[in-house]
Protein chains: 2
Amino acid sequence: MTTTIQQDLEIQKEAIIQFLETKALEGFPSNLSDSTHHIMTLQGKRLRPIVVLMVAQGFGVSTDEAMPAAISIEVFHNFTLVHDDIMDKAPLRRGTVTVHEKYGVDKAIVTGDAMLPHSIGLLIKGNEDKAAVLIKSFLKMAQEVMEGQQYDMEFETQETVTVEEYMNMIRLKTSVLFGCACEIGAILGNASVEDQQKLYDFGLYSGLAFQIMDDYLDTFGDDTFGKRIGGDILLNKKTFLLINALKHADTEQKARMEELFEETDEEAKISGFQSLFREIGVAQIALDKMEELHDKSVDAVMSTSLSEENKRRLIEFGEIMLRRTT
Amino acid sequence: MTTTIQQDLEIQKEAIIQFLETKALEGFPSNLSDSTHHIMTLQGKRLRPIVVLMVAQGFGVSTDEAMPAAISIEVFHNFTLVHDDIMDKAPLRRGTVTVHEKYGVDKAIVTGDAMLPHSIGLLIKGNEDKAAVLIKSFLKMAQEVMEGQQYDMEFETQETVTVEEYMNMIRLKTSVLFGCACEIGAILGNASVEDQQKLYDFGLYSGLAFQIMDDYLDTFGDDTFGKRIGGDILLNKKTFLLINALKHADTEQKARMEELFEETDEEAKISGFQSLFREIGVAQIALDKMEELHDKSVDAVMSTSLSEENKRRLIEFGEIMLRRTT
């Protein structure tokens, strides 16, 4: 079974890459094509466009018909990466130089600014009859992503962040994009408003679990694939793990954390936090939270009118989103 | 007659400011409202939303009905100002601190990123039946503005810029927004495709003349309103005047210009270029070009099916755009 869905994802990904290389930037400003091509063709899992295709296919829409809208979601996602990398002053993304490092900050700003309207153009391409409803979903998502990005930046200097504030931030910054991707697939397939909402929920819960897994893997991940473990720890980043650790720590554990925030020996800092997180039980809290969110995502899919086969495919996709090790 | 159109514009502007203060940011991310409100409420002529209202009114659409789309154009314009000011490292805009100076570059980037989707939401508000056609016009414009911005930045380091390249840049960066504003007003009014195109042309030619006037006033403007004369000259900025001067100068005049580029005495530099521009005749070239563009804008309006009264109003509006002294 697993091989089937894995092979299926590879086929979808190939079709996505093919479209990105040929048609995705048609009509795009020629003097911004190089920088846009640079970010769009970095290696990636392409989870967001894949889930658009999968949901649309579940309602009988062909890959070709759904592709521009799927790529729309991917272009939007990559626009946010270009601007986020500027704000994070990140030199590299997936091992490759970032757009602002390669082309300068000014061009990176303008590149993102052109990618956003382009993504909306792709969304309605061939779907003019559904333009208003597709765009309504997309614009709500786009503004929520910006709201989430702003919260994320504010958290850096905010004294304390509650678990609820954190969950709201990742809902906005990361998860609504998965929700919107699924909703758009459903809209393309002329799904009922109820099914649109349930598939949005599937994407939203999967996206929340995905982000908590991201936080979890940064600390407890497998480094066989060369991913640096402990990046968030070294930055004292307010992740799901750290926020829960601060919430559940006793006085002595809090004191050790305060010391670790100032620790300059990187190895000691990382292993110190790993031990503390296990001791306080936040590794388990994270695993439990992901389980809870995964269950909700499954419930959402199961309550749709999709065929059993299509429900199974989406649930397996959600599991693959979680089961990754990098 | 002039009093009538002037009064008319003041009434439109009041209605625009009223909407900006009350409804324009409904549904906007709360944590980005302060920075967005800051740029949106700076003093300005509000020419772009006014022309949307005027064209729409010409086709029988009420101010209330056309207002969200008019504000959409203004929000988009202000988004470009927020990001342009970052790239220009401008501390002030219209005498007030810029968004990135007040709120930091990161928040200014995210603010603009949220304003762009918000502007599209305003565009289709109440116009869901026309969503696809409105958005098609808007997205084409948005991408062209980014293309123009990129050319403008490239011109700074480009050895030579031809008059044609310059005209293309200002067409993209400045004029298509006026064209789109007029086209959108016409779409709202269910104008024929021919009238939509002619009104787009009216906006485009008016916008081109407007930008050349901008260049002209920087060098030959009236400083009674406190506007600094010669800002472009001090930056060696490749304006319509400078590009034409370089094109038409003889060997001796070129040599004097090369010297003036290096001149450190600001007064000497400004008066030196003013004399040279007059001597070479580029002040007249600019005035002739504006006249030519203005004539084209009048021809475009006159060939529409608008009433004589509405044609006159638009032509007077175009003249007011040009007749300004600041």
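Helices here (H or I, at least four residues) and strands (E, at least two) are DSSP runs, numbered from the N terminus. This is a predicted model: local features need pLDDT of at least 70, side-chain atom pairs count only at pLDDT 80 or more, and totals for chains, interfaces and linings use all residues. Residues are numbered from 1 along each chain as its sequence is written, chains are lettered from A and ligands numbered from 1 in the order in which they are written, and side-chain values use heavy atoms, with hydrogens and water left out.

**Stop 1: K107(B)**

Select K107(B) in helix α6 of chain B. Buried or exposed? K107(B) is buried, at a relative accessible area of 11%. The class limits are under 20% for buried, over 50% for exposed and partly exposed in between (1.4 Å probe, protein chains only).

Now show its surroundings. Contact means heavy atoms within 4.5 Å. Beyond neighbours within four places in sequence, K107(B) is in contact with Q150(A) and M153(A), and with N31(B), L32(B), D34(B) and S35(B). Draw a distance to N31(B): its backbone oxygen lies 3.2 Å from a polar atom of the K107(B) side chain.

**Stop 2: the interface of chains A and B**

Color by chain. In contact are 36 residues of chain B and 36 residues of chain A. The size of an interface is often given as the accessible area lost when the parts come together. Between chain B and chain A the buried area (accessible area, 1.4 Å probe, that two parts lose on being put together, summed over both) is about 3000 Å², and carbon and sulfur atoms give 69% of it. Pick N31(B), D113(B) and Q143(B): in chain B they lose the most area to chain A, together 19% of what that side buries.

Next, highlight helices α4 (63-88), α6 (105-124) and α7 (131-157) of chain B; each supplies at least two residues of the side that touches chain A. The largest share, 13 residues, comes from α7(B). By class, this side of chain B has 21 nonpolar, nine polar and six charged residues. Ala, Val, Leu, Ile, Met, Phe, Trp, Tyr, Cys and Pro count as nonpolar, Asp, Glu, Lys and Arg as charged, and the others, Gly among them, as polar.

**Stop 3: the nonpolar core**

Select F76(A), I184(A), F76(B) and I184(B). Of the 161 residues in the largest nonpolar core, these touch the most other members. Such a core is a set of buried Ala, Val, Leu, Ile, Met, Phe, Trp, Tyr and Cys residues joined through side-chain atoms within 4.5 Å. Zoom in on F76(B). Past four places in sequence, its contacts include L116(B), F138(B), M141(B) and L177(B).

**Stop 4: V82(A)**

Go to helix α4 (residues 63-88) of chain A and pick V82(A). V82(A) is buried, with a relative accessible area of 2%. Leaving out neighbours within four places, V82(A) is in contact with I39(A), V99(A), A108(A) and M115(A). T36(A) is 46 residues away in sequence and 9.0 Å away, C-alpha to C-alpha.

**Stop 5: L241(B)**

Select L241(B) in helix α11 (residues 240-248) of chain B. Its relative accessible area is 1%, so L241(B) is buried. Among the residues L241(B) touches, not counting those up to four places away, are Y216(B), F220(B), F277(B) and V282(B).

**Stop 6: N236 in both chains**

Finish in the loop between α10 (231-234) and α11 (240-248) of chain A, at N236(A). Phi of N236(A) is positive, about 55°, although the residue is not a glycine. N236(A) is partly exposed, at 27%. Then jump to N236(B), where phi is near 55°. N236(B) is partly exposed, at 29%.

Conventions
Polar contact = N/O pair within 3.5 Å; in protein donor to acceptor, adjacent residues only side chain to side chain.
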